Amino acid sequence: MTLPVFAAATSLFHDKGYQVTTEEAHIDLKNGTASGDKPVHGEGPDGVIDSEGFRVTGFGERIEFTGKTELTFYDGSQALPDTGGATQ
């Protein structure tokens, strides 16, 4: 039996420029799932997202942001905000 991994202060990065950060996550590597009910902040070339939680299923094939969620898309003419590497 494989137990899920509990991770605190988790940051996930993608080589296409995306980053998602949360205070904690429950990660099950065997089943390819992850979830958390703490605030989540994500940013990348297409925009910014903030939500109250998340769920990942299918080894990353589906990502759901849960609870109150705010999403901002960039239209291509806007510069990315300078967050100084800080997350909310």
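Me: Before we look around, what is a nonpolar core?
Reply: A nonpolar core is a set of buried Ala, Val, Leu, Ile, Met, Phe, Trp, Tyr and Cys residues joined through side-chain atoms within 4.5 Å. Keep in mind that this is a predicted model.

Me: Thanks! Which residues make up the largest one here?
Reply: The largest nonpolar core has 5 residues in all: A25, A34, V40, F54 and V56. In soluble globular proteins, nonpolar side chains tend to be buried together.

Me: And F54, what is it in contact with, leaving aside neighbours within four places in sequence?
Reply: F54 is in contact with T22, E24, A25, A34, S35, G36, V40, E64, F65 and T66. Among them, A25, A34 and V40 are also members of that core.

Me: How much of the chain counts as buried?
Reply: Of its 88 residues, 25% count as buried. The chain exposes about 6,300 Å², and carbon and sulfur atoms supply 55% of that area.

Me: Where is G60?
Reply: G60 sits in the loop between β5 (47–57) and β6 (62–73).

Me: Why does G60 count as partly exposed?
Reply: Because its relative accessibility is 38%, which lies between the 20% cut-off for buried and the 50% cut-off for exposed.

Me: How far apart are G60 and A34?
Reply: They are 26 residues apart in sequence, and their C-alpha atoms are 8.7 Å apart in space.

Key: Residues numbered from 1 in each chain as written. Predicted model: local features only at pLDDT ≥ 70, side-chain atom pairs only at ≥ 80, totals over all residues. Heavy atoms only, no water. Buried < 20%, exposed > 50% of the residue type's maximum accessible area, 1.4 Å probe, protein only. Contact = heavy atoms within 4.5 Å. Areas by Shrake-Rupley, 256 points an atom, 1.4 Å probe, with all protein chains shown as cover. Helix = DSSP H or I, 4+ residues; strand = E, 2+ residues; numbered from the N terminus.
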